[in-house]
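Student: I have a new model open on my screen and would like to talk it through. Could you help me read it?

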Amino acid sequence: MAYERKEISIEKIREQEKICAEINEKLGEKPRLAMVDTYGCQQNEADSEKIRGYLAEMGYGFTMNEFEADIIVVNTCAVREHAEMRVLGNVGQLNHAKKAKPNQIIAVCGCMVQQEHMAEKIRKSYPIVDMVFGPHELWRFPELLKQVMFSKKRKRVFETSPCDGTVAEGIPLKRDGSVKAWLSIMYGCNNFCTYCIVPYVRGRERSRKPEDIVAEARELVAAGYKEITLLGQNVNSYGKDLGLNVDFADLIRMINDIPGEFLIRFMTSHPKDATEKLFKTMAECEKCAHQLHLPVQSGNDRVLKAMNRHYDSAKYLKQVELARSYMPDLVITTDIIVGFPGETDEEFEDTIRLCEKVRYDAMFTFIYSKRVGTPAATMPDAASREDKQVRFDKLLAVANKISGEKHAEYEGKTLRVLVDGETGKPEFNLSSRTNGGRLVHLKGDPALIGKFVDVEIESSNTWALYGHEK
Ligand code: SAH
Ligand code: SF4
Ligand code: F3S
């Protein structure tokens, strides 16, 4: 399929909002609740905020209790089998709620159902599901919902046709928090790493226009948000499809120029096109957090090539060194896949060696999961699940040891943190994040939520730091 960026006009979104108003009027004074259950990455969290935005315009309040909900929307992930199994298990469980509330509407959307075989599975084996739509149809959720809601005999609606990708501005948003916000700067992915399903379900890379992004960032700052996380599967290729001469580093600078006290974070950076310009910009922009999530996936060059990652371990290590030369306090995290098809024990040892060289602040480690339709799914895979588990456990032990050591280095130091919520635990009742994104628990007045404070770190473990306000 040729690349096609499908822009949804603002008029079309206004039509959807009219449908929201229509539904709101039809349902009248009747109190109504919706449950939106989100799986997967921050992109999905951001999408769920749009679904909630539409639902709020229809007069729905929100609950996380499926027995109370008149509408349930399950926003799914397809990245690993485990994610899909959790979704299917939980959708199956909704049977009880639907029996108790036969008029309940159940919708399943997101990446998992954009795969034909999964949409079929829902159609055949999950008759309680009334509505299925993929990420490209999210902008017309109200119209689809109306078809289900006002059909005489409850009609099932399935909308998951293949698509290179839509870009829609102006969808109402109901954000999750009041301190931290997600801001999608681009959708989709062009990289086709051989293990990954994302490009198939999310379509090609589409950057939002810089002016739309900056306007949204301004609104967030004006509304009092203190942390903005720019989202994309590969933020380093931001703008390449727009032909406007604005790259990701330029975009950071534009957002940094917005007056106010707030932090800019972003994810995810692909090592194949992280540039010196980016590191320099991060160092120069005082609002940009010194945090870099730079997934390496493997430390072995043959495996990296088979994964289609377009860099080798030497290039990766050079980038880490360069980034650290601009920001000595940079917090670096990564993703790693253990047991990619054909990975040998010796090749896996290269991954351990690379991790010991980089010394990541935190690592997200996954056992390879076969995804239907991806090139890696047909590659010979000799290692057993047990072999992979042994490798995984070994990597996790290394990761935890390094994280623990890095956290211990903060003890006795004073760090500026953004307080973002309560922990529910009496001794350290507040949670916060350092500039680099490390979790800090502290004791203090809940009125500090949403404020930047200086904290002296007194103790730490693998996962968090503990301290008190200075
Ligand atoms: N766009 C991001 C990654 C998004 S998916 C990037 O390229 O860095 C998040 C992580 O899930 C990936 O970094 C990878 O480590 C993991 N992942 C993706 N597909 C996987 C698969 N088939 N099996 C196991 N882990 C996978
Ligand atoms: Fe998947 Fe690779 Fe794209 Fe990340 S860059 S979403 S791992 S294909
Ligand atoms: Fe999952 Fe889709 Fe994100 S597959 S990781 S929810 S882009």
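Predicted model: local features only at pLDDT ≥ 70, side-chain atom pairs only at ≥ 80, totals over all residues.

Student: How much of ligand 1 does the protein bury?

Tutor: Start with the contacts: an N or O atom in the side chain of Gln297 is 2.7 Å from an oxygen atom of ligand 1, and a polar backbone atom of Ser369 is 2.8 Å from a nitrogen atom of ligand 1. Taken alone, ligand 1 exposes 540 Å² (Shrake-Rupley method, 1.4 Å probe). Of that area, the protein buries 90%.

Student: Which strands each supply at least two residues of the shell around ligand 1?

Tutor: The shell has 15 residues (a heavy atom within 4 Å of the ligand), and they divide into seven nonpolar, four polar and four charged. Strands here are DSSP runs of E, at least two residues long, numbered from the N terminus. The two you want are S15 (331-338) and S16 (362-367).

Student: What is the class make-up of the shell around ligand 2?

Tutor: Its members include Cys189, Cys193, Cys196, His270 and Arg309. In this scheme Ala, Val, Leu, Ile, Met, Phe, Trp, Tyr, Cys and Pro count as nonpolar, Asp, Glu, Lys and Arg as charged, and the others, Gly among them, as polar. The shell around ligand 2 therefore comes to seven nonpolar, three polar and one charged.

Student: Is Val157 buried or exposed?

Tutor: Val157 is found in strand S7 (residues 157-159). Leaving aside neighbours within four places in sequence, Val157 is in contact (heavy atoms within 4.5 Å) with Asp130, Met131, Val132, Leu144, Gln147 and Val148. Buried means under 20% relative accessible area and exposed over 50%, with partly exposed in between (1.4 Å probe, protein chains only). At a relative accessible area of 4%, Val157 is buried.

Notes: Residues numbered from 1 in each chain as written. Chains lettered and ligands numbered in written order. Heavy atoms only, no water. Polar contact = N/O pair within 3.5 Å; in protein donor to acceptor, adjacent residues only side chain to side chain. Helix = DSSP H or I, 4+ residues; strand = E, 2+ residues; numbered from the N terminus.
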